[in-house]
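We'll hop from one stop to the next.

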Amino acid sequence: MSDRRPSAFPVLLNNDVCSLIQAAENVYQIRFKNRAANAYLVRGKSRTIMIDVGLSSNFPHLLECLHHVDCPPDKIDMVVLSHEHLDHIGAAYHFGGHTMIAAHRLAANKIMLRDDFSMLRKMFNEPAVAINIDLWLEEGNLIDLGNFRLDVMYTPGHTSACISLFDPEQGLLFAADTLMAGGVMGGIFGSGSIADYIQSLQRLKGLNSRILLSGHGRLSDTPQEDVRIAIQRSHGLLSDTAQLFDALDARSNFEPIMQSVRDLNKLDDS
């Protein structure tokens with residue numbers, strides 16, 4: 001007999017590609033079963049937003065879920081992108097023109113310049129379509145939906161441009177790839193940093209969160225335990241990284257780089 005307790009979150013729709021799950025009243029998770037990130041629909045009294053939208057190839061299934069709760073794209077006022085990776089933002093261009101697209105300024109710069117390396121285009125094989133960012137978000141911004149008030153938190157680590165959204169009154173934490181159920185971390189990519197990751201997790205630990213809505217995987221009603229495990233794992237990763245760096249003999253690896261700098265300096269002096 002399994003010890004796993006049943007999910008507290010009802011499944012409203014389920015097919016081969018995705019599930020539509022109710023996280024709270026007027027809050028829905030669209031959980032894709034392929035490599036796409038989760039998408040979230042938050043229906044407010046004054047405006048409605050989506051947080052991430054998944055891959056472009058999944059857009060027909062995203063539409064099916066939206067129509068299931070009577071919220072087609074023309075009823076969505078804003079799409080908030082948690083960071084620049086295409087598994088989170090690939091379908092955003094489908095909303096362009098009638099919906100405001102928002103992202104942290106660092107992510108916005110990479111997205112609008114089509115920085116394919118940072119966006120992981122080869123990994124996800126998404127179409128090379130422009131995604132325009134209409135609003136640049138910063139730490140401390142507030143997204144007021146009437147019955148939801150989401151604080152924008154700058155939480156770098158997974159990349160340099162990650163944000164999380166938190167509703168302190170309802171305890172909803174949209175943490176994208178910074179934190180997932182079970183304390184799973186989203187990994188460190190090119191512009192990311194394990195030190196920044198740890199600091200971001202420490203900030204999330206200080207929140208009175210009740211439901212974790214993450215970039216991949218299931219919803220969680222134990223966010224405090226999730227973040228405790230993630231912090232423990234991140235410190236282990238930091239220790240492992242330090243040992244690896246020592247094993248590589250940093251001085252011998254950096255010497256050719258420093259010699260190149262010295263050679264350039266000589267050219268400047270000539």
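How many aromatic pairs does the structure hold? There are two aromatic pairs, where rings of Phe, Tyr and Trp (its six-membered ring) pair if their centres lie within 6.5 Å, with planes under 30 degrees apart called stacked, over 60 edge-to-face and the rest tilted. Before you click on them, note that this is a predicted model: local features need pLDDT of at least 70, side-chain atom pairs count only at pLDDT 80 or more, and totals for chains, interfaces and linings use all residues. Residues are numbered from 1 along each chain as its sequence is written, and side-chain values use heavy atoms, with hydrogens and water left out.

**Stop 1: the aromatic pairs**

Select Tyr40 and Phe174. Their rings sit edge-to-face, 5.5 Å centre to centre with 75 degrees between the planes. This pair links distant parts of the chain, with Tyr40 in strand E4 and Phe174 in strand E12 (residues 172-176), 134 residues apart. Helices (H or I, at least four residues) and strands (E, at least two) are DSSP runs, numbered from the N terminus. Tyr40 is buried at 2% relative accessibility, and Phe174 is buried at 3%; buried means under 20% relative accessible area, exposed over 50%, partly exposed in between (1.4 Å probe, protein chains only).

Now pick Phe59 and Phe95. The ring centres are 5.8 Å apart and the planes stand at 85 degrees, so this pair is edge-to-face. Phe59 belongs to helix H1 and Phe95 to the loop between helix H2 (86-89) and E7, 36 residues apart. Phe59 is buried at 12%, and Phe95 is buried at 0%.

**Stop 2: the eight-stranded sheet**

Switch to cartoon. Eight strands make an open sheet in the order E1-E2-E3-E4-E5-E6-E7-E8, with mixed pairing; two strands pair if DSSP finds at least two bridges between them. Strand E1 (11-14) and strand E8 (135-137) are at the edges with a single partner strand each, so one side of each has no neighbour in the sheet. From one strand to the next, the twist averages 20 degrees. Zoom in on strand E3 (residues 27-32) and strand E4 (residues 39-43): they run antiparallel and are joined by four bridges. Ile30 has Ala39 in E4 as its bridge partner.

Axes are lines fitted to C-alpha atoms, for helices over the stretch in contact (heavy atoms within 4.5 Å), and angles run from 0 to 180 degrees between N-to-C directions.

**Stop 3: the five-stranded sheet**

Move to the open sheet with the order E9-E10-E11-E12-E13, again of mixed pairing. Its edge strands are strand E9 (142-144) and strand E13 (211-214), each pairing on one side only. E12 and E13 run parallel, joined by four bridges, and Leu173 has Leu212 in E13 as its bridge partner. Helix H6 (residues 194-205) packs on this sheet, touching strand E10 (149-154), strand E11 (163-167) and E12.

**Stop 4: salt bridges**

Show the charged side chains. The count is seven salt bridges, each a side-chain nitrogen of Lys or Arg within 4 Å of a carboxyl oxygen of Asp or Glu. Among them is Glu138 with Arg105, at 2.7 Å, N to O. Glu138 lies in the loop between E8 and E9, while Arg105 is in helix H3, 33 residues apart. Glu138 is partly exposed at 32%, and Arg105 is partly exposed at 36%. Finish on Asp144 and Arg149, which meet at 2.9 Å, N to O.
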